[in-house]
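Keep the viewer open while you read.

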Amino acid sequence: MDEFTNSDPRLRPASPPKANRQPNGPVEYPVTPETFPELDRAFRELAHKANADEYHLVILGDNFGGAGTDFSRKVIGIGIRVINSGTLEEVQGTLGHEFGHELIRRYPELQSTVRADKTDQQNEELTADRIGVCLTGDWQSAIAELASGTSIDPALSVEERIESLSFFKPSDCPVMKSDQSKTATFPSFNR
Ligand SMILES: [Zn+2]
């Protein structure tokens, strides 16, 4: 049985979440306005910015760490170990990264070669970090989330991801520059 142990009540359930057992997957706890009001609000805001209102958030139980996106089900899953050990702001950083993957899937032109010595998959991870910062507008929390190491993708080291983000600031996000030529490259950010 999973327990929610974060000292921050925003990351503990306000009412008991329903456990949905997935075939061949961990148990899922749907995040709703009733179960996790603050987390739900933060998720809905990010989903709206990413033009992905159809997405749902679940917490992956069974002592799961990390996070992932199921494009076919339109579900973002975040491991209970992240929920129990992070701050709400760090969790938002993780969610921003996952929406980054969804945006890259929809708009392949968003994918950038952050480092020439890395594979496409590794560059997608770095690009998703950057899109996450653009969505949350919170560079500090993104760095803190990476440094905490609770949701790290094994494709890259923590140090490589922090180094990549260190050269990237929210002010580098195209939409914040109101540059027409660049907002055209980030169509969903232009709202
Ligand atoms: Zn990722």
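## Confidence

Two residues are in contact if their C-beta atoms, placed from the backbone, lie within 7 Å. The protein as a whole averages a pLDDT of 86, with 88% of the residues scoring at least 70.

Residues are numbered from 1 along each chain as its sequence is written. Since this is a predicted model, local features need pLDDT of at least 70 and side-chain atom pairs count only at pLDDT 80 or more, while totals for chains, interfaces and linings use all residues.

## The sheet

Look for an open sheet of 5 strands with mixed pairing, in the order β1-β2-β3-β5-β4. Two strands pair if DSSP finds at least two bridges between them. At the edges are β1 (20-21) and β4 (67-70), each of which pairs on one side only.

Starting from β1, 2 bridges join this strand to β2 (residues 27-30), and the two run antiparallel. Arginine 21 has valine 27 in β2 as its bridge partner. The hairpin of β1 and β2 has 5 residues between the strands, and asparagine 24 there takes a positive phi near 60°. Next, β2 and β3 run antiparallel and are joined by 3 bridges, with proline 30 opposite valine 58 in β3. In contrast, β3 and strand β5 (residues 75-79) run parallel, joined by 5 bridges; leucine 57 stands opposite isoleucine 76 in β5.

Axes are lines fitted to C-alpha atoms, for helices over the stretch in contact, and angles run from 0 to 180 degrees between N-to-C directions.

On the helix side, the axes of α3 and α4 come within 7 Å and cross at roughly 115°. Residues of α3 in this contact include Gly93, Gly96, Phe99 and Gly100, and those of α4 include Ala128, Ile131, Gly132 and Leu135. By class, the contact has 7 nonpolar, 9 polar and 2 charged residues. Ala, Val, Leu, Ile, Met, Phe, Trp, Tyr, Cys and Pro count as nonpolar, Asp, Glu, Lys and Arg as charged, and the others, Gly among them, as polar.

## Helix α6 and its two partners

The axes of helix α4 (residues 120-136) and helix α6 (residues 158-166) come within 10 Å and cross at roughly 50°. Leu126, Asp129 and Val133 in α4 meet Arg161, Ser164 and Leu165 in α6.

Helix α5 (residues 139-148) packs with α6 at an angle of about 170°, their axes 9 Å apart. The two helices are therefore roughly antiparallel. Ala142, Ile143, Leu146 and Ala147 of α5 make the contact with Val158, Arg161, Ile162 and Leu165 of α6. These residues divide into 7 nonpolar, no polar and 1 charged.

Note on methods:
pLDDT is the predictor's confidence in each residue, from 0 to 100. Helices (H or I, at least four residues) and strands (E, at least two) are DSSP runs, numbered from the N terminus. Angles under 35 degrees count as roughly parallel, over 145 as roughly antiparallel, 65 to 115 as roughly perpendicular and the rest as oblique.
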